[in-house]
Amino acid sequence: MSPASPSSRATRPRRSPRFLKPALAVIALALVAGGAWWWQGSRASTGEGPWRTAPVERGDIRVAISATGTLSATSTVIVGSQISGQVTDVLVDFNDTVEAGQVIARIDPSTYQAQIDQGNAQVLSARASLAQAEAALRNAELDHRRKSDLGNTQLVARADVDLSRAALDQARAQRDAARAQIAQQTASTRTSQVNLERTVIRSPVDGVVLVRNIEPGQTVAASLQAPELFTIAEDLSKMQIQLEVDEADIGQVEVGQGVSFSVDAFPDRQFRGEVAQVRLSATNTNNVITYPVVVSVDNSDRTLLPGLTVNAEIEVSRRDGVLKVSNAALRYKPSDAQLAASQGPGPRAGGGSGVADDLAKAAQALEPTAQQQSAFDEALAAIRERMAARQAAAPAPGAGGGMFGGPGMRVVTSGGGDMAAQIRQRMLQRYQQDFAAFRATLDDNQRAQWDRALNATVGARRAPLYRLVDGQPQAVMVRVGASDGSATEIAGAVQEGDLVITGERAAP
């Protein structure tokens with residue numbers, strides 16, 4: 001039998017080692033186990049456990065309202081014609097700069113010149129009639145005087161004297177009618193003269209021609225309304241934007257607030273403006289209520305053009321260098337079972353509304369005397385004692401009530417705004433009673449400052465946060481300020497770098 005050829009030996013498959021597949025399986029299991037051990041260790045080292053957390057940070061919060069609008073000149077004048085006729089000359093074009101009183105167009109004046117000539121002739125005719133009437137009046141006066149003298153001597157009949165008096169009155173009436181005819185014809189001529197002057201169209205203001213609606217040879221008819229010939233922007237170095245702001249946001253808009261905006265014509269530039277007017281004329285479009293907000297814009301470089309569409313943001317609030325936290329932390333609330341298992345009654349002990357601390361800071365800002373400080377400390381000590389007794393008697397989480405307790409207040413976790421307003425009003429009244437003796441020791445300026453601080457502190461919105469302390473949630477009540485939609489300003493028993501719970505991790 002002949003030996004196998006080299007080609008047949010090369011194509012024969014090689015057998016895999018017997019233990020290769022089991023070894024690969026063991027290695028894979030070891031890698032999975034090692035990864036799981038590392039993941040569990042990393043979670044344990046961070047102390048987060050089953051919680052997702054975010055740190056309390058210090059930074060800036062900018063609250064803005066978005067709106068759209070259109071750029072326009074601050075003052076735009078529409079130039080029309082009060083008379084009808086054919087346009088003979090148009091002396092300006094689009095974008096031309098004009099001055100007040102400058103001639104910008106002319107209308108054929110021949111018709112009105114003819115009316116003036118006709119009126120002047122009628123005035124001359126009326127004056128001739130007046131001269132005739134005055135001559136007849138003088139004759140009537142002489143005739144009446146002669147007959148009156150003869151009547152006194154009984155040389156003429158009394159009827160002739162009466163007829164002469166009637167002729168005198170008629171002559172006077174004809175003279176007055178002639179004078180009135182002169183005044184009428186003079187006024188008619190003056191009207192024609194005014195219309196003749198109106199054939200010359202002048203610019204009423206200094207500005208720039210935005211629109212030109214006429215051409216030489218065109219006939220304008222002003223029988224029903226004045227035709228619009230030109231539109232002139234008075235000053236393009238000052239422009240305005242009319243924004244349409246939704247009714248839900250209009251309460252935050254005030255005159256003087258800054259506005260940043262962009263236009264599609266210059267996508268790489270950001271422009272600035274200022275709220276100049278919040279108008280009360282609401283507009284209803286498909287059951288959507290909006291209010292016009294006028295924004296003044298400095299356009300000294302003449303970059304912006306009338307009619308551009310604007311995407312604007314009205315900066316209604318800005319807080320720099322404040323403590324802020326993710327909004328998810330304010331929305332998170334662990335179950336009562338989780339709180340009971342981790343802390344029992346602990347969340348209430350770790351919480352607090354911060355009202356007492358805020359009022360203590362407000363009192364220090366008054367620079368109180370020793371007597372005033374003593375009165376404040378007595379009132380604050382009484383409040384703390386009462387709150388401690390109330391906390392001791394409060395039910396544990398899960399026992400009902402739907403309230404989050406804290407020194408000096410209770411915040412309803414569900415319900416309408418009317419209930420929250422009533423609670424704040426009752427709190428304000430109670431604090432006013434508690435600090436009545438302290439307030440009586442203040443002078444007028446201190447009293448006014450204290451009243452403002454008390455109203456602001458009690459009226460502030462507050463919400464619970466859950467800090468992660470030693471791997472367990474601990475509730476704390478904080479004062480809530482401005483929010484930009486992703487983060488919210490807070491103040492209270494928290495510090496920069498504290499970890500707050502934003503959610504729970506999925507079970508492995």
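S203 lies in the loop between β7 (200-202) and β8 (207-212); helices (H or I, at least four residues) and strands (E, at least two) are DSSP runs numbered from the N terminus. The model is predicted, so local features need pLDDT of at least 70 and side-chain atom pairs count only at pLDDT 80 or more, whereas totals for chains, interfaces and linings use all residues. Residues are numbered from 1 along each chain as its sequence is written, and side-chain values use heavy atoms, with hydrogens and water left out.

With a relative accessible area of 3%, S203 is buried (buried means under 20% relative accessible area, exposed over 50%, and partly exposed in between, with a 1.4 Å probe and protein chains only). Apart from neighbours within four places in sequence, S203 is in contact with V98, E99, A100, G101, Q102, I104 and I232, contact meaning heavy atoms within 4.5 Å.

Strand β8 belongs to an open sheet of 4 strands in the order β3-β10-β8-β5, with antiparallel pairing. The edge strands of this sheet are β3 (76-80) and β5 (97-98), each of which pairs on one side only. Two strands pair if DSSP finds at least two bridges between them; β8 and β10 (residues 228-233) run antiparallel and are joined by 4 bridges. V211 stands opposite T231 in β10.

Helix α3 (residues 110-152) has 43 residues and reaches 63 Å from its first C-alpha to its last, close to the 63 Å expected at 1.5 Å a residue; the expected span is 1.5 Å times one less than the number of residues. The buried residues of α3 include Y112, I116, G119, V123 and A126. An α-helix has 3.6 residues a turn, so residues three or four places apart point the same way. The cover over the buried residues of α3 includes α4 (158-197). Just after α3, Q154 takes a positive phi of about 65°.

A salt bridge is defined as a side-chain nitrogen of Lys or Arg within 4 Å of a carboxyl oxygen of Asp or Glu, and by this rule the count comes to 16 salt bridges. One of them joins the side chains of E496 and R58 (3.5 Å, N to O). This pair links distant parts of the chain, 438 residues apart: E496 is in the loop between β21 (487-492) and β22 (499-504), and R58 is in strand β2 (residues 57-73). E496 is exposed, at a relative accessible area of 52%, while R58 is partly exposed at 46%.

R386 forms a salt bridge with D434, with the closest N and O atoms 2.9 Å apart. Because R386 lies in helix α9 (residues 370-393) and D434 in helix α10 (residues 417-434), the pair ties together parts that are 48 residues apart in sequence. A network of salt bridges links R62, E313, E315, R318 and D320.

The largest nonpolar core has 27 residues, and those with the most contacts inside it are L243, V245, F261, V293 and I314. A nonpolar core is a set of buried Ala, Val, Leu, Ile, Met, Phe, Trp, Tyr and Cys residues joined through side-chain atoms within 4.5 Å. Leaving aside neighbours within four places in sequence, V293 is in contact with residues including I241, L243, V275 and I314. A second, separate core of 23 residues includes M387, Y431, F438 and L454.
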